[in-house]
Amino acid sequence: MNLDRMNPRESIGFLSWKVARVFANDLAARFTEAGVKITVEQWRALLPAYKADGLTQGRLCDMLSQEKTGVSRLVAALEKHGLLRRESGDDDRRVKYIYITDKGRELVDFTIDIVLESRAEIVKHVDPEEFAVCKRVLWQLIEPHLDATCCLKEAVLK
């Protein structure tokens, strides 16, 4: 049976998904403990606005590798929390520009150490040299699939 050949330990898809869940679950618990009232997914959507205020909602979709409807819901939730604001473009009212609020900046500043502590805790038992190889290999898998305008590709080239 083909299913018998599906070993999760041999599946890059399963392994990368599971690692992402481990990180997200740990961070969510730390956010809850610290009284942070947004989800990890919302926090990840807040970061690009923190780094590049005034980006379009479409660009945010590209940066998060998510569909428009999902990003629209994330942005709406962040707007409701007072962390982001959207403005329509002058030339095209359909284009929405995203700006982080002072409250949003304060939240990112407050959570950075929480995020860094979470990352350090999760990887503390991994040999640093092996972890560096792991990250290089993952980038080798990711990079050929990045659009030339993607923020991840820009980050790699810097």
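The model is predicted. The chain holds seven helices and three strands. In sequence order, the pattern reads α-α-β-α-α-β-β-α-α-α. The largest nonpolar core has 28 residues, and α2 is its biggest contributor, with six residues.

**Overall architecture**

- The C-alpha trace spans about 55 × 35 × 35 Å along its principal axes.
- The chain has 158 residues, of which 27% count as buried.
- Take the contacts between residues at least 6 apart in sequence: 51% of them join residues at least 24 apart.

**Helix α1 and what follows**

- Helix α1 covers residues 12-34.
- Its 23 residues reach 33 Å from first C-alpha to last, close to the 33 Å expected at 1.5 Å a residue.
- The buried residues of α1 are Ala24, Leu27 and Phe31.
- Helices α2 and α5 are included in what covers those buried residues of α1.
- An α-helix has 3.6 residues a turn, so residues three or four places apart point the same way.
- Gly35 follows α1 and has a positive phi, near 80°.

**Helix α2**

- Helix α2 runs over residues 40-51.
- At 1.5 Å a residue, the 12 residues of α2 should span 16 Å; the end C-alpha atoms are 17 Å apart, which agrees.
- The buried residues of α2 are Val40, Gln42, Trp43, Ala45, Leu46, Leu47, Pro48 and Ala49.

**Packing of α2 on α4**

- Helix α4 spans residues 68-80, and its axis comes within 10 Å of the α2 axis.
- The two axes cross at roughly 90°, which makes α2 roughly perpendicular to α4.
- From α2, the contact uses Glu41, Gln42, Ala45 and Leu46; from α4, it uses Leu74, Ala77 and Leu78.
- By class, this contact has five nonpolar residues, one polar and one charged.
- Gln42, Ala45 and Leu46 of this contact are also listed among the buried residues of α2.

**Packing of α3 on α4**

- The axes of α3 and α4 come within 9 Å and cross at roughly 110°.
- Angles of 65 to 115 degrees count as roughly perpendicular, and α3 and α4 are therefore roughly perpendicular to each other.
- Gln57, Leu60, Cys61 and Leu64 of α3 meet Lys68, Val71, Ser72, Leu74 and Val75 of α4.
- The class count for α3 with α4 is six nonpolar, two polar and one charged.
- Leu74 of α4 meets α3, and Leu74 also takes part in the contact with α2.

**The largest nonpolar core**

- The elements giving two or more residues are α1, α2, α3 (57-64), α4, β3 (96-100) and α5 (102-123).

**Phe31 and Thr111**

- Beyond its neighbours within four places in sequence, Phe31 contacts Val36, Ile38, Thr39, Val40, Trp43, Thr111, Ile114 and Val115.
- Among these partners, Val40 and Trp43 are buried residues of α2.
- Thr111 sits in helix α5.
- Thr111 is buried, with a relative accessible area of 0%; buried means under 20%.
- Not counting residues up to four places away in sequence, Thr111 touches Phe31, Val36 and Trp43.

**Ser65**

- Ser65 lies in the loop between α3 and α4.
- Its phi is near 55°, a positive value in a residue other than glycine.
- Ser65 is exposed, with a relative accessible area of 60%; exposed means over 50%.

**Arg119**

- Arg119 is in helix α5.
- At 47% relative accessibility, Arg119 counts as partly exposed.
- Arg119 and Asp26 are 93 residues apart along the chain, with C-alpha atoms separated by 8.9 Å.

Technical notes. Residues numbered from 1 in each chain as written. Predicted model: local features only at pLDDT ≥ 70, side-chain atom pairs only at ≥ 80, totals over all residues. Heavy atoms only, no water. Axes fitted to C-alpha atoms, helices over the stretch in contact; angles between N-to-C directions. Helix = DSSP H or I, 4+ residues; strand = E, 2+ residues; numbered from the N terminus. Parallel < 35°, antiparallel > 145°, perpendicular 65-115°, else oblique. Contact = heavy atoms within 4.5 Å. Nonpolar A, V, L, I, M, F, W, Y, C, P; charged D, E, K, R; others polar. Core = buried A, V, L, I, M, F, W, Y, C linked by side-chain atoms within 4.5 Å. Buried < 20%, exposed > 50% of the residue type's maximum accessible area, 1.4 Å probe, protein only. Expected span 1.5 Å × (residues − 1).
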